[in-house]
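Visitor: Could you walk me through this structure, one element at a time?
Guide: Gladly; here it is.

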Amino acid sequence: MQMKVTRRTLLQMGGITFAVVGFVPRMAFAARNALRSMRTGVQPGEKTRLVIETANRPSYSLSYPENQLVVDIANMSADSSVTAKLASGTLISDVKQVQVDDHLHIVANLRKPIAHLDKSQIMLLEPNGDNDYRLVLDFTATSAEKIASAVKTGEKTEQKTPQKKHVIIIDPGHGGKDPGCIGKGGTREKDIVLSVGRKLKARLDEAGFKTYLTRANDTYITLAGRAEFAEARKGDLFISLHANANPSRSVKGFSIYTLSEKASDEEAKKLAESENAADKIGVDGFTEFERDIRAALSSLQQHAVAEMSEEYANGCARAFRAAKVEAQAGPSVRHAPFAVLRSTVPGALLELGHLSNGSEEKLLKTPDHQNKLVAAIVRSIKNYNFDV
Ligand SMILES: [Zn+2]
């Protein structure tokens, strides 16, 4: 069977394993959705793949009745002209459509039990070429030993394994020989972001996250080194902390950036240029690590990481608004080619405020304001949808 979707799996390259992640939508869409096609296939590692193609971005949830996997899609009607193309050798014996109110349940009957899918097993692909949106689910049978031991201890096989702690990589920018930008009063960016980074780590640890600081003291780390750090620790989210400077001293407020090869505006481009300058990487330059990452990831996979980053950044902007932190005038999320964000870990770069603005420079030094920023970031991370 022809599989047009790009394989999402663990990619081995240069000894580094890149876990490629899927994007999970949270918003409900009012527009009526339509089922286009359904198909199954076998992927390397005896994985069964189920692909559900829909006209619009699906708002969905998964459930696991006995020997079934059910994909519940909102705003959709059953369509008898769409029948699943079933490949041989998969865990799926057949696929049915069941209308439940305004939701279409796509019910896959399974030959063997499966564990609950996690985010890494689910990918939503954007339309491309002849394809509409495709929800791609990959899974294997739960191992015989696991079932046997569960039976032995009297557990139900569908019982959920304990929740994995989500890994947050906190990246205080600059450090060591690189002070970052410096305020009129002599405040150095590297000190502010380290202070905020340490506070953020403490608060996130309390909240039950697993956290790592790319630097816990005043040391210099390359931008690629930071991205590699996040990759090696299998981060679920990467938060790079910075403070800004603007030639105009009246400019103030925080801003949020995600990675894009094309800057959203001239100012964002200049900012990426200055943040990349520590490693003498221009906005068009790539480190070797970035080149490896780009070679390992298909454009669709890069797109999935970008979408998750965008989802986080939008939530982060909401959290900062809710905390009444002053925002820089303009769009709530901007885009620029930041070298530090080039990895498979979704994330954002936060410019916490302007050291070039006198009053904001003073504010950024106060523990109260730093705590306010930290609380807003913690909230944005708690609100981020890590799981399905
Ligand atoms: Zn910076």
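Visitor: How many of the 10 residues of helix H3 (residues 223-232) are buried?
Guide: First, this is a predicted model, in which local features need pLDDT of at least 70 and side-chain atom pairs count only at pLDDT 80 or more, while totals for chains, interfaces and linings use all residues. Residues are numbered from 1 along each chain as its sequence is written. Helices (H or I, at least four residues) and strands (E, at least two) are DSSP runs, numbered from the N terminus, and a residue is buried if 20 or more other C-beta atoms lie within 10 Å of its own, exposed if 12 or fewer, and partly exposed in between, with C-beta atoms placed from the backbone. Leu223, Ala224 and Phe229 are among the buried residues of H3, and the helix is mostly covered, the number buried being eight.

Visitor: Which residue just after H3 takes a positive phi?
Guide: The helix itself ends at residue 232. Just after H3, a positive phi of about 50 degrees is taken by Lys234.

Visitor: Is Asp265 buried or partly exposed?
Guide: Asp265 is found in the loop between strand S14 (255-259) and helix H4 (266-276). It has 13 other C-beta atoms within 10 Å, so the class is partly exposed.

Visitor: Which strands stand at the edges of the open sheet of four strands?
Guide: The order in this sheet is S3-S4-S10-S9, with antiparallel pairing; two strands pair if DSSP finds at least two bridges between them. Each edge strand has a single partner, so one side of each is left without a neighbour in the sheet, and these strands are S3 (35-43) and S9 (122-125).

Visitor: Which residue in S10 is the bridge partner of Ile122?
Guide: S9 and strand S10 (residues 133-139) run antiparallel and are joined by four bridges. Both faces of S9 are covered, with Ile122 and Leu124 buried on one side and Met123 and Leu125 buried on the other. Across in S10, the bridge partner of Ile122 is Leu137.

Visitor: Which residue of S13 stands opposite Ile169?
Guide: Strand S11 (residues 167-172) is mostly covered, five of its six residues being buried. S11 pairs in the parallel sense with strand S12 (residues 210-213) over four bridges, where the bridge partner of Ile169 is Tyr212. S11 also pairs in the parallel sense with strand S13 (residues 237-244), over five bridges. There, the residue opposite Ile169 is Phe238.

Visitor: What term describes how H2 lies relative to H8?
Guide: The axes of H2 and helix H8 (residues 367-383) come within 9 Å and cross at roughly 50 degrees; axes are lines fitted to C-alpha atoms, for helices over the stretch in contact, and angles run from 0 to 180 degrees between N-to-C directions. Angles under 35 degrees count as roughly parallel, over 145 as roughly antiparallel, 65 to 115 as roughly perpendicular and the rest as oblique. That makes the term for H2 against H8 oblique.
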